[in-house]
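Hi,

Here is the structure I promised to pass on.

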Amino acid sequence: MMNPINIVNPKDKRKLFTYYFENGYAEDGLERFIEENYQIPISKQVLFWKGKHLKNSMEIYSKYWDGSISRDEIVYVDFAIRIDVQTECDLVENASSLNLNTINNAVVLHPNNEEIVGNFSMDLSIEKLKKDIASTLNFDDWKIIELSYQSCLLKSTDNLYNLLFEGKHFSNELHVNMLISPTKNTKIQEVCKEKNIPLLRRINVKLLTEIITIDAGITEIRNISELMEVIQTEKMIPKHMQKILFDNMELKEEIQLMEFLLENDLVMNDEISVLLIVSTPEVVTVDLDASFNIQENKIQIAETATILQLKEVVSGLISVPESHFDLVNLHDIQRIKPLLNDQQIWQVKQNGTYKIVVIKKIKIVIQKINEDPLNFFFPITNWESETIDSMRLALTENRFPNQPMKLIFKEEDYDGVFATTLLKDLNVQTIFFHSENNSNCVKCSLM
């Protein structure tokens, strides 16, 4: 048999009454007992156990059953009444006559701690409270609203009732602060300006030689990691080389921007400044692969070097100008997606390695009568097997699928070039004509 539950006032712990389980084991047995004996509606009853809000008295029963509460433990449940002072006068009088503690609506304050945004029900979840605040302020995006209590951001899983207990101390009124995250929503910006609600607009990132000013609204930065990503995009400084400091303290990537503003008393600022320390780039090893002989297949190069700089090194190894070959990430070789000249080495790292394939190219010029020539490069993925005919098939399928006739290349002046001729053997400029229509002319030269 379970011990009875002692119902007490949360403020002074004065015992109000004792509830015996034989009075009912129903999910809301205790609540119905209070309603019948004290004329307090179930919807207005608030129960706590050890400072935590109970959805209903069944939670106490379940703790007995799962062993969280021993059979001989004396249980105390704090009881209070949730009221709206302005509209529930009869309930207020009843609570006063019974000397019961009451809980008022939650008060949402302006970030300056002085103005009241509104009063809201304590029964709301954090998400629903944000939506109601957004409706009150005529915001069309509730997700930019953050709430704080005692300089800590509230999480979506937080329960407003639990905030009423601070240790053993109970307060019957909850005050939370509203904060607005940076936004590019001009309507919300106008409302904030009209109501004097602070909104972070600029983040100044100080380097040794310059200051980067980031528009916090346009980028809608939410945490330090996103700030680092913006710096990476705008200044090509890899995230892993960045160290962001404020007051000589490093800011970790996972820190939320609004949390940072709260902790450093910056919520009223429209502009903040941080320091960026850039570490020395690492020297990495790039593994080169090619379908032809190459003098050296491992290159040591700084991770911040560009692909163009890498191509300059490769050019010296294969004695071919940079414009006449491509570098392709091994993982993109099937799509033959060339790396861009302005990309940096760290950007092409995949699976922890740098594996790059060197692909030589043949320059192709398609010339039609009375039209400008069409210039492009044909990549040779297999230097030992690509032929004139394989190039013809590739061009027919991929470049000119809608041509009325297939492109068939035939050498005019040099009898040694055939369909089976390897592209690598075209060491002089070779001119091809369409076999059925000489209006198409192809100039093909090994580059």
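First, the ground rules. This is a predicted model, where local features need pLDDT of at least 70 and side-chain atom pairs count only at pLDDT 80 or more, while totals for chains, interfaces and linings use all residues. Residues are numbered from 1 along each chain as its sequence is written, and side-chain values use heavy atoms, with hydrogens and water left out.

The sheet

Five strands make an open sheet with mixed pairing, in the order S15-S14-S18-S16-S17. The edges are taken by S15 (211-215) and S17 (249-250), each with a single partner strand, so one side of each has no neighbour in the sheet. (Strands are DSSP runs of E, at least two residues, and helices are runs of H or I, at least four, numbered from the N terminus; two strands pair if DSSP finds at least two bridges between them.) S16 (residues 242-246) and S17 run antiparallel and are joined by two bridges; Phe246 has Met249 in S17 as its bridge partner.

Helix H7 (residues 224-235) lies across S14 (202-206), S15, S16 and S18 (271-278), at about 125 degrees to S16. (Contact means heavy atoms within 4.5 Å; axes are lines fitted to C-alpha atoms, for helices over the stretch in contact, with angles from 0 to 180 degrees between N-to-C directions.)

The cavities

The whole structure has three cavities of 30 Å³ or more. (On a 1 Å grid over the protein atoms alone, a cavity is a set of points where a 1.4 Å probe fits but cannot get out, and lining residues have an atom within 4 Å of a point; points are joined across faces, edges and corners, and a volume is the space filled by probe spheres set on them.)

The largest cavity has a volume of about 70 Å³. Its lining includes Pro111, Met178, Ile197, Leu261 and Asn269. Strand S13 (175-180) and helix H8 (257-263) each give two or more residues to that lining, and S13 gives the most, with three. Domain 2 (105-194) and domain 3 (198-278) both contribute, so this cavity lies between them (the bounds come from an automatic or database domain assignment).

The second largest cavity holds about 40 Å³. Ile203, Asn223, Leu227, Phe260 and Val274 are among the residues that line it, and H7, H8 and S18 each give two or more.

Cheers

Conventions. On a 1 Å grid over the protein atoms alone, a cavity is a set of points where a 1.4 Å probe fits but cannot get out, and a pocket is an open set with protein on both sides within 12 Å along at least five of seven lines; lining residues have an atom within 4 Å of a point.
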